[in-house]
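Me: I have a structure to go through. Can you take my questions as they come?

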Amino acid sequence: MLRLMLLVLGLALATPALAQVQPFPAAFVERDIPANGTTIHVRVGGKGPAVVLLHGYGETGDMWAPLAANLVRDHLVIVPDLRGLGLSAHPGGGYDKKTQGNDVAGVLAALKAGKVDLVTHDIGNMVGYAFAAEHRDRVRRFVLMDAPVPGIGPWEEILKNPLLWHFRFGGPDMERLVAGRERIYLDRFWNEFSATPARFSEASRQHYAALYARPGSMHAGFEQFKAFDQDAKDNQAFLSEGKLNMPVLAIGGDHSFGPTMAMVMRFAASNVQESVIKDSGHWLMEEQPGATVATVRAFLDARP
């Protein structure tokens with residue numbers, strides 16, 4: 001009996017260590033915040049100027065742990081899971097990025113945060129752009145990492161890239177195809193979009209695959225892509241109001257978007273700086289965390 005108890009205790013202690021690959025510092029608390037008709041899971045820590053970190057597809061807010069640990073020393077760091085992903089609720093709709101930008105606004109209202117810096121990756125770029133375009137006076141600086149923005153710049157040409165077939169992949173039959181095979185589906189992205197797939201660790205893969213296997217999560221993921229046509233229309237409307245004026249840093253991995261990230265954002269913003277992270281694919285925080293954190297930190301610390 002004692003032996004069995006020790007085994008169970010050992011497994012219980014081992015599971016979080018495997019799942020939570022890099023924990024957020026103890027300064028962070030986790031909250032479920034009602035916002036914009038849904039509930040958003042948020043990690044919050046630190047004091048000072050507010051910075052919001054928005055993740056993309058294939059990950060959750062957990063991806064930002066290395067950057068959050070750096071910024072929490074002198075910032076209020078706010079790290080949501082996008083609606084339908086991670087530990088956030090799975091509403092029946094609202095996966096267009098304009099609505100999700102208002103999710104961010106609702107979280108900030110609950111936290112009584114005013115002006116913010118934005119740091120975003122992948123689909124987080126799209127949500128961040130919608131928020132910045134609707135709340136231009138609230139965004140001090142904006143960092144976007146390695147993904148296009150629907151309707152902005154060469155969007156139609158980007159859609160033709162065969163590597164991006166998943167932008168049009170979705171629906172009930174597709175959901176049935178990946179049900180119980182979430183790891184197989186997600187490995188495709190982690191492998192093909194990496195410069196060195198081994199840098200996206202096995203522990204991270206298990207962690208995210210388990211989160212995406214939660215009921216409703218894959219459906220929500222497909223809905224994120226399904227909304228791209230509406231996102232493109234919304235972004236064209238935002239663009240008709242003028243380019244963003246806040247300082248923008250566009251970061252690309254040299255084996256992925258590279259300088260194209262800055263080229264895209266110059267269609268949408270008037271003050272764009274370019275950075276290319278060497279020896280990295282799409283997964284910048286996994287492949288080159290040190291260089292990526294240093295690049296973001298230098299931009300946020302720069303004087304206006």
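Reply: Buried means under 20% relative accessible area, exposed over 50%, and partly exposed in between, with a 1.4 Å probe and protein chains only. By that definition, 54% of the 304 residues of the protein count as buried.

Me: What should I know about the source?

Reply: This is a predicted model, where local features need pLDDT of at least 70, side-chain atom pairs count only at pLDDT 80 or more, and totals for chains, interfaces and linings use all residues. Residues are numbered from 1 along each chain as its sequence is written, and side-chain values use heavy atoms, with hydrogens and water left out.

Me: How many helices and strands?

Reply: The protein has 13 helices and eight strands, taken as DSSP runs (helices H or I, at least four residues; strands E, at least two) numbered from the N terminus.

Me: Switching to aspartate 234. Where is it found?

Reply: Helix α10, residues 228–240, contains aspartate 234.

Me: Buried or exposed?

Reply: Aspartate 234 is buried but has no salt bridge, meaning a side-chain nitrogen of Lys or Arg within 4 Å of a carboxyl oxygen of Asp or Glu. Lysine 98 is the nearest side chain of opposite charge, 5.0 Å away; Lys and Arg count as positive, Asp and Glu as negative, and His and the chain ends are not counted.

Me: What does aspartate 234 touch?

Reply: Leaving out residues up to four places away in sequence, aspartate 234 touches Asp96 and Lys98, with contact meaning heavy atoms within 4.5 Å.

Me: And contacts across the protein?

Reply: Of those between residues at least 6 apart in sequence, 73% join residues at least 24 apart.
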